[in-house]
Amino acid sequence: MVKENMLPSISEECTARMTRSRAAASRASSVTLPPKAPTKQEMKKVTRGNSKRPASDENNPTGLQNKRRAVFKDVTNVLCDTSYRNCFNASKIQDQEDTRKYKVEEETGKSGFDTQGSMFSLKSEGIEEMQQSTESDIRGCSLADLRLEEQISRKPTPCMKDKVEVGENYGNGPEITDIDSDHEDPLMCSLYAPDIYRNLHVAELIRRPSSNFMETLQRDISQSMRGILIDWLVEVSEEYKLASDTLYLTVYFIDRFLSQNFIERQRLQLLGITCMLIASKYEEICAPRVEEFCFITDNTYSRAEVLKMESEVLNYLSFQLSAPTVKTFLRRFLHAAHAFHKVPSVELDYLAYYLAELTLVDYSFLKFLPSLVAASAVFLAQWTLDQSSYPWNSTLEHYTNYKVPDMKITVLALQELQLNTSSCPLNAVREKYKNQKYKSVATMTSPKTLHKLF
């Protein structure tokens, strides 16, 4: 028999590859073949079926399972008192151990640090000072954080008024009411309100329009033309139901542009609607379209002219459209004025808004800061509604940063606008606030005995 047809031995059968000729020969000789050795893929299936090890264990020759990494149990930024204490106690312990190690090294003559071959030993006095400063910083930081957390987590009462002691610099009373103690309304930003309005007081000085551009730059327009334009824009804002912030910002853009740019009277109305368009895009959710502003001018200006003027205004402002106006400060000051009212006075708010909008038409009020105008409007509004009590207190003085003598000129000028002593024919603001929606505050007048308050 040829060697090729010979059956392999038992030891060879386990390793030799089975062919058709070998299988036929084995059936003819009735020799039972050994079972087929499991393949590598079958072994993988069996292994995966019996255990739930990851697939990466197949390549692990040792058969040991890799250590599974623990998942994060807490990824929130909410900390509890225990985490605060553990964190700062651990820091103290670590600092004490490091300091103790440095002291031991110094006593044994070992050097503390090695920097580029130069050995610097730590002195015990410097270590003690470092330890004291570190512990004091940690103690102060942890105490401040715990106080802040306690303040945030505390649920205030609806009429909570914390009294804060102040010195003689705060006017009529020894105490002021903390108007930022109520944290229920997140829109009030009570934690950051003092810093926000401190920055706004600085910004009103930097981004302030000129108060004499009519005398120095503009030759083709006058103060009365500016007043007519703004009076007409008040009617436009009512026609399109725009917010009062949009109106204030519109007037601010007009005055800023006129402070440095000469303009002809034929393009003054174009400047007005363009500034209102920009302010609407900044303040309103749904701003009127360009075609609507062209229509309101009886199509005196085309869409291309409005867009060209818009580009000029934005380039001049360098796209810095945020600026503090009278309305910005008026919200804060009215909040302080309501601190001593058991029930919020709606008439006080509307009357202050009415007096503040009267100043938009008058060119002479550009020489006053927006915060001063807002404070004077609150002063005169309170005096108009109630002559039995003094219209100013330590709380208003604290939050407005204005004392009563500082507001004398502004308040008297504002009262002249309220009484319309000059018989100004521009009545858009007056007609607006004669509406019952605003409690008809335009019909109220203040007594002329205002001089005695100063």
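User: What makes helix 15 count as mostly covered?

Analyst: In this predicted model, 15 of the 16 residues of helix 15 are buried, where buried means under 20% relative accessible area, exposed over 50% and partly exposed in between, with a 1.4 Å probe and protein chains only. Helices here are DSSP runs of H or I with at least four residues, numbered from the N terminus. The model is predicted, so local features need pLDDT of at least 70 and side-chain atom pairs count only at pLDDT 80 or more, while totals for chains, interfaces and linings use all residues. Residues are numbered from 1 along each chain as its sequence is written, and side-chain values use heavy atoms, with hydrogens and water left out.

User: How do you know that the span of helix 15 agrees with its 16 residues?

Analyst: The expected span is 1.5 Å times one less than the number of residues, so helix 15 (residues 370-385) should span 22 Å, and because its end C-alpha atoms are 23 Å apart, the two agree.

User: Which residues does tyrosine 316 touch, not counting residues up to four places away in sequence?

Analyst: Tyrosine 316 touches Arg256, Phe257, Gln260 and Asn261, contact meaning heavy atoms within 4.5 Å. Tyrosine 316 and phenylalanine 257 are 59 residues apart in sequence, yet 7.3 Å apart in space, C-alpha to C-alpha.

Key: Helix = DSSP H or I, 4+ residues; strand = E, 2+ residues; numbered from the N terminus.
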